[in-house]
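User: Could you take a close look at one spot in this model for me, and then walk me outward from there to whatever else stands out?

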Amino acid sequence: MDKVKTRKRASRSAMFDPSIVLPAAGQAFVKLDPRLMIKNPVMFVVEVVAALTTVIFAKNVVQGGADLGFTFQIILWLWFTVLFANFAEAVAEGRGKAQADTLRQTRSNTKAKRLLIEDNFELYEGVAADQLEQGDLVLVEAGDIIPGDGEVIRGVASVNEAAITGESAPVIRESGGDRSAVTGGTLVISDRIVVRLTASKGTSFLDRMISLIEGAARQKTPNEIALNILLIGLTIIFIFATVTIPSYAAYAGGSISVVVLVALFVTLIPTTIGALLSAIGIAGMDRLVRFNVLAMSGRAVEAAGDVDTLLLDKTGTITLGNREATEFRPVRGVSELELADAAQLASLADETPEGRSIVVLAKEKHGLRSRDMAELNASFIPFTAQTRMSGVDAGASWVRKGAVDAILNHVDGGGRPRQLASGNAARAVAAMSEPAREIFAIADEVAKAGGTPLAVAKDGRLLGVVHLKDIVKGGIRERFAELRRMGIRTVMITGDNPMTAAAIAAEAGVDDFLAQATPEDKLKLIRDEQAKGKLVAMCGDGTNDAPALAQADVGVAMNTGTQAAREAGNMVDLDSNPTKLIEVVEIGKQLLMTRGALTTFSIANDVAKYFAIIPAIFLAFYPQLQALNVMQLASPQSAILSAIIFNALIIIALIPLALKGVAYRAIGAGALLRRNLLVYGLGGLIIPFIGIKAIDLAVTALHLV
Amino acid sequence: MTIIGWIQIALYCVIVVALVKPLGWYMTRVFTGEWTPLSPVLRPVEAGLYWLGGVDPKREQHWLTYTVAMLLFHVGGFLILYGVLRLQAMLPFNPQEQSAVAPDLSFNTAISFLTNTNWQNYGGESTLSYLSQMLGLTHQNFLSAATGIALAVALIRGFARSSMRTIGNFWVDVTRCTLYVLLPICIVYALFLVSQGMPQTLSAYVDATTLEGAKQSIAVGPVASQVAIKMLGTNGGGFFNANASHPFENPTALSNFVQMLSIFALGAGLTNVFGRMVGNQRQGWAILGVMGVLFIAGVAITYWAEANGTTGLNALGLAGGNMEGKEVRFGIVASSLFAVITTAASCGAVNAMHDSFTALGGMIPLINMQLGEIIVGGVGAGLYGMLLFVVLAIFVAGLMVGRTPEYVGKKIEAREVKMAMLAILVLPLMYLGWTAVAVVLPQAVASIANPGPHGFSEVLYAFTSATGNNGSAFGGLTGNTLFYNLTLATSMFVGRFFMIVPAMALAGSLAAKKSIPASAGTLPTTGGLFIGLVVGVILIIGGLTFFPALALGPIVEHLAMTANTLF
C-alpha cells in the first residue's frame, strides 16, 4: 500500500512535467521583480549588472559602437543566468504546489455546520469552512468533510483520512483518549461527532504545510542564512577582484570594456549555488511530503540531519506489537508434548495473537491438530484483568494459562482467583512446592532472554511455561547498524523491566535503553542529552508524550495521535509509522549535503573560468599570456562567451540534482566526505574545463563571434 | 638545485617539527596558569606587575572587553613610539645626534611596529637613535608579538571552552607571554647572537680608514637585543637598513639558520597549544600539516626558480642560478628558504633582495602574504588567520557529510561564517584596492623604479606586505613618500585590527557554545583528507582572488623572461 501510494504521488509531479515546467517558465519572468530578487543576493547582483550592461548596450546601439553582436550575446546570457535561477526556484515551487493542490482540493467548497448551542445537535447554521474561527464547535455527520483541525469532544465516528494520508481504510475518531484529533479535509463516513476547532483559519498544520511547500512562507533556515553570508562574502571579494582590473590594465597600457568585466564577475561569483539554493530547500520539504511527513518548518528538516540521538518506542517501532510463542518449557516429570497439548487446549478459543501463536507452535512442533471445542464439550474462560489468565473448562477437567503468579495462586488456592501481592512473592517462593519453584526458575530465565513467561496448569498440576517472545522487526538490526555508522545513537524506550529490556535491546542492536520509562523519564533523558550538546529526535502519539515531543529537537507526532501531541511536535507523520524517523533523518542529511555539494562545485568551477577569461582579456596588451589559455580557446571573444554560456547552462543542468538531492550513504563521515569531494570538488574543477572547451568549439563552428 | 640544498631544507623542517611539542607543552602551561620551570623566579615578578597595574588576574573578560583592552594598550604603545621618534633629538642615547623623525615617517613607523609589520621606510642606522631603537622599536617588538600570541590563545579558548562568556584576561595573557615566553628565550638568543659576532653596545659608530685611505663610519649599537625579538616575534624590522643581509645583523651561516628557526618556532608551537587546549594534539598537527604542505610547495617553487636562473643568462652559458641581490655568504638555498619563511610567517626580515628574485621566485613570497600569512604565520596571527580559513573550509565541505558543520566540537553557524568572512574580506580590499590606486595615480607611479610588470609587482608587493603585516619589501619602490607612508600605514592598520576584531568576536561566540562530542557522523579533522580540503579551500578562496593581479605581474614577467624580455 505504502509503496504504491508513494509511486503514485511521485509520478504526479515527475521531474520535468510540462504542467509544472511551463508555468515555471512564466514565473521565471515574474520573479525578475527586484523586490523578489533581493531575497537572493547573489542573483540580485547578477540582475543589477545585467540591467547595467543592457543600458550601456542601448547607448552603444544609438551612438554606434564596436562588437555590438558580441556584447548583445553576453547580455543575453546574463539575463538567461538570472532567468534560469528563477526557473529553478519556480520548478521547485511548482512541484510543491502540485502536492499542495491535492492537499487543498478537498478543502475548498466545504460547508460547515456550526453549532449554536453546545449541547443541541439540531441547532446549527451553515457556514463556509474558511469563515470558521478557533474554538468554534461544528457538527460533522456521515458524508461531511471535517472543516478544520480540531478535537472530537462528543461522539465517535469512522473517518476516511485518505485525502491526507492516502490510506483508504477508515480510522476511528472519538472523544477523550488518544484518538480524539481530527484533521481538516478528511471525510466522516459513519456516525456523527462534534469537533472543537483548535486552529483558526490559515493556521492549521495543513495550511502551514501548504505555504511551506509552495515557498510563499518559507523562512530561511539557520544553515541557509550562514550559507548566504558565505556567498555574499565571496561576491564582495570578487567585486574587489574585478573592479580593480581596469586600473591594472590601464597601467599596462590597455583597456577592458565593462561588458567583459561584468562577464568575468558573473562567472566568478557563486551563481550556481546562488541560483539553486532556494530550490534545494523547497525540494527538501517536498521530499518529506512525498514520504507522507509534514514538517512545520524548514528548520526542523535541517535539525533532522543533525540528530545525534534517536529515541524509539519499543512496541511498534522495534518489535512487532504482538508477542509470539516460541518454546514450551515443561517442569520435571512432564513431557513437552503434554505441556503443548494443554497449552493448545487452553488457547483454542483464544483469539488474541499470543493465543493463536500457541496453537500454531503446538502444531508446528508436535503436530497437534486443532480440536473442536464443541466436540470436547468445553467452555472457554476468557482473560480478565482480575484473573490474569484464560483457559478451558471441560466437565471437571480444566486448563489454565496465564501470568506465573496468577497460575500458582490458582493451583494453590484450588481454583479461587486470589491476588498475590508482589511483595510477598519471595517469601511465598520459599514455602512453595518443588514444581512451583521450578516454574519460577524457568520464568526467570525466560524473562532474562527478553521474553514473557506464561505458566500452564491442568487439573491442579503445574505443567510448565510457554515462552512468549517479543518479535524484533525484520531488518531493524541492520537499520540500527546503519544509524550507528551515521553517528546516531539509538535509545529504546520501553515500559518493560530492565532485564527484559536489556535482552530485547541486545537483540535489536540498539545502543541503549530506558526501561520502565515514565513520560518524566523520557523528558529527563532528552534534557540530559541536550545538555551534552546533542540533538534529539523522538516520535510519540499520546498526550503524555507532548512535553517530550516539544522538548526534542525533532519531534515527530503520529497522525493517529492526540491533538496535543501533534501541536507539540514539529513534524507529523501521516502514516503513523514510527520507523520513519530514520528516513526523516536521512532527508535532513540529504538537504544539507546537497547544499554543500553544490557550493563546493560552484566554487571549484572558478578555476577553469579564470583560465578561460584572464588570458582572453589581457591578451591585447600582454600576448605572452596566451600560455595561460590552457584550453586553447579559439579567440578572446569566444572564450568569454563560452565561459558565460557554461555558467548559465550549468544551472539548468543541475536542477534535477538540486530537486532530487545528493544521495546519502551511511558509510561514515570520512568516507562520505572523500566521496563527495571527489565527485563535486574534483568534478567541479574538471567539468568546466571540458564544458567551456566544448561550448567554445560550438560557438566557433556556429560563427557566433 | 643540489642534494645539499635539499638536505638543508629538510634539516630545517625536521628541527622546526621537533620544537613543536616542547614549545607547545611549555606555552600551554604558561597560558593555563600552571607551574612551569620558570615559575619560582617569575611568579613573584608577575604578581608584582599585576599589583602595580591594578589587575585582578583571576578576573576573566568578555570578548569585547578583551578586545577593547587590547586596543587601548595599542593606543598607549602608539603614543610612546610616535613621541620617542618625534622627540629623539632631545632624548638621551643618541651618540650620532640623529635629528627628529619626520611626522609622516614617524606615523608610518609607529603604526608599522604597533601592528607587527615593521615596514622599513626608515633607514635604521641613518635615522634612529639608540633610544628609539630600544625604547621605541624593541619595546614594541615584544608587545606586538605578545599581543598576537594572546589573541591566538583567546581564540583557542573559544574553541576549547563550552558555554562560557569569557575568553581570558588580556592583561594576564600579555604579561605571561612576555615574561615567561619571549623574555627568557630572547635573553639566551641574544647572547648566542653576540657569540656569533653581532654587536651589542651603546657606544658611538666606529670610524675606520679604508685601504684607499677613505674614511668610513661603521654603524654599531644594541643590535643583538633587537634582532632576537625581531626574529622570535616575527616582527622583522631591521636594526640596519639592509636588515638580515647586513653582516652585523646576520654574521654567520649558523646565525642565519637559527634566525630562520626562530621565525617559525613559536608559530609552529602554537598549533600544538591549540591541540592541547582542545584536548586532542592531533588537531594541532593537522593544522601544522596544512601549513607544511603549503610551505614545502612554496620552498620547492622558489628554490627551483632561483636555482634555474633566467633563460637569457643560461643561454650565455652562465649557469648556477640567479645570484642577483643575494649574499654570496648565504647562496641560493639559504636565500630562497629565508624568503619563503619570512613571508610565510609575517616576519619580513630579509637576507636577500626579493626584488631581484626571478619572477616566479618572487611570486611565492607574494602569494604567501596574499593568502593572509597563515603558513605558520606571524606569532599568534598566523594561527588565528589559519583558523579563520579552517572555519570556512569546514563550513563549505562539512555540509557534504550531511550535518551542520562542526570543528573541534563547535558548530559553525551564521555568526561564525560572518566573522570569518569579515576578517578575510579586508585583505583583498586593502592590497587590491590600493594597488589599483597606486598604479594610476601619477605621484604614486613616480615611485616605481622599474617599468612594466615588474614595477606592478613592486607596488602589489608593498601593499600586500603592509596589509599582511609582513614588512618585507620588494625594493625598487621608493616608499618613503607622503602617499606611501599614509596608504601603507592605513593598510597595516586595517590589515591587523579589522582582522582581529572579527576574530575575537568569533572567539566570544565559540566560547558561548556547547561542545558537541564527536561521533561517526562528525567530519574527521585530523587526517590527510582534512589537510587536503583546507589547502584546497585556501588556494581557491584565498588565492584565486589575486590571479588577475598575479597574471599582470609575476606571471607575465616570467613568460616574458622565457622569451628573453626583462623588465
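Is B:Val408 buried or exposed, and what is its relative accessible area?

Analyst: Happy to. Please keep in mind throughout that this is a predicted model. B:Val408 has a relative accessible area of 18%. Buried means under 20%, so B:Val408 is buried. You will find B:Val408 in the loop between β3 (406-407) and β4 (410-411) of chain B. Its backbone deserves a look too: phi is positive, about 35 degrees, although B:Val408 is not a glycine.

B:Asn116 is not a glycine either, and has a positive phi of about 65 degrees. B:Asn116 sits in the loop between α4 and α5 (124-127) of chain B. With a relative accessible area of 2%, B:Asn116 is buried.

The axes of α4 (residues 103-114) and α6 (residues 130-160), both of chain B, come within 8 Å and cross at roughly 35 degrees. From α4(B), the residues B:Thr109, B:Phe113 and B:Leu114 take part, and they meet B:Leu137, B:Gln140, B:Asn141 and B:Ser144 of α6(B).

Aromatic rings are the next stop. Over all chains, the structure holds 34 aromatic pairs. One of them joins A:Phe611 and B:Phe547: the ring centres are 5.2 Å apart and the planes stand at 50 degrees, so this pair is tilted. The pair crosses between chains, with A:Phe611 in helix α24 (residues 581-618) of chain A and B:Phe547 in helix α20 (residues 547-562) of chain B. B:Phe547 is buried, at a relative accessible area of 11%. Both rings also belong to a cluster, in which ring pairs link A:Tyr610, A:Phe611, A:Phe689 and B:Phe547.

Within chain B, look at B:Tyr461 and B:Phe474 as well. Their ring centres are 4.5 Å apart and their planes are at 5 degrees, so this pair is stacked. B:Tyr461 lies in helix α17 (residues 452-467) and B:Phe474 in the loop between α17 and α18 (482-511) of chain B, so the pair ties together parts that are 13 residues apart in sequence. Both B:Tyr461 and B:Phe474 are buried.

In an unreviewed entry, UniProt lists A:Asp541 and A:Asp545 under "binding site". A:Asp541 lies in the loop between β19 (536-540) and α22 (546-551) of chain A, and A:Asp545 is also placed in the loop between β19 and α22. Their accessibility sets them apart: A:Asp541 is partly exposed at 35% relative accessible area, whereas A:Asp545 counts as buried at 7%. Leaving aside residues up to four places away in sequence, A:Asp541 touches A:Met558, A:Gly561, A:Thr562 and A:Ala565. On that basis, A:Asp545 touches A:Lys522 and A:Gly540.

The C-alpha atoms of A:Lys522 and A:Arg299 are separated by 23 Å, and the two residues are 223 apart along the chain. A:Arg299 is found in helix α12 of chain A. Of the 9 residues of α12 (residues 298-306), 8 are buried, so this helix is largely enclosed by the rest of the structure. Among the buried ones are A:Val301, A:Glu302 and A:Asp306. A:Arg299, by contrast, counts as exposed, at 55% relative accessibility. Not counting residues up to four places away in sequence, A:Arg299 touches A:Thr221 and A:Pro222.

To finish, here is one more annotation for chain A. The unreviewed UniProt entry marks several stretches as "transmembrane region", including residues 256-282 and 637-657. In the model, residues 256-282 are 85% helix and 0% strand, and the end C-alpha atoms are 40 Å apart. Residues 637-657 are 100% helix and 0% strand, with 31 Å between the end C-alpha atoms.

Conventions
Residues are numbered from 1 along each chain as its sequence is written. Chains are lettered from A and ligands numbered from 1 in the order in which they are written. This is a predicted model: local features need pLDDT of at least 70, side-chain atom pairs count only at pLDDT 80 or more; totals for chains, interfaces and linings use all residues. Side-chain values use heavy atoms; hydrogens and water are left out. Axes are lines fitted to C-alpha atoms, for helices over the stretch in contact, and angles run from 0 to 180 degrees between N-to-C directions. Helices (H or I, at least four residues) and strands (E, at least two) are DSSP runs, numbered from the N terminus. Contact means heavy atoms within 4.5 Å. Rings of Phe, Tyr and Trp (its six-membered ring) pair if their centres lie within 6.5 Å; planes under 30 degrees apart count as stacked, over 60 as edge-to-face and the rest as tilted. Buried means under 20% relative accessible area, exposed over 50%, partly exposed in between (1.4 Å probe, protein chains only). UniProt positions are given in the numbering used here, feature names are shortened, and annotations may be inferred rather than shown by experiment.
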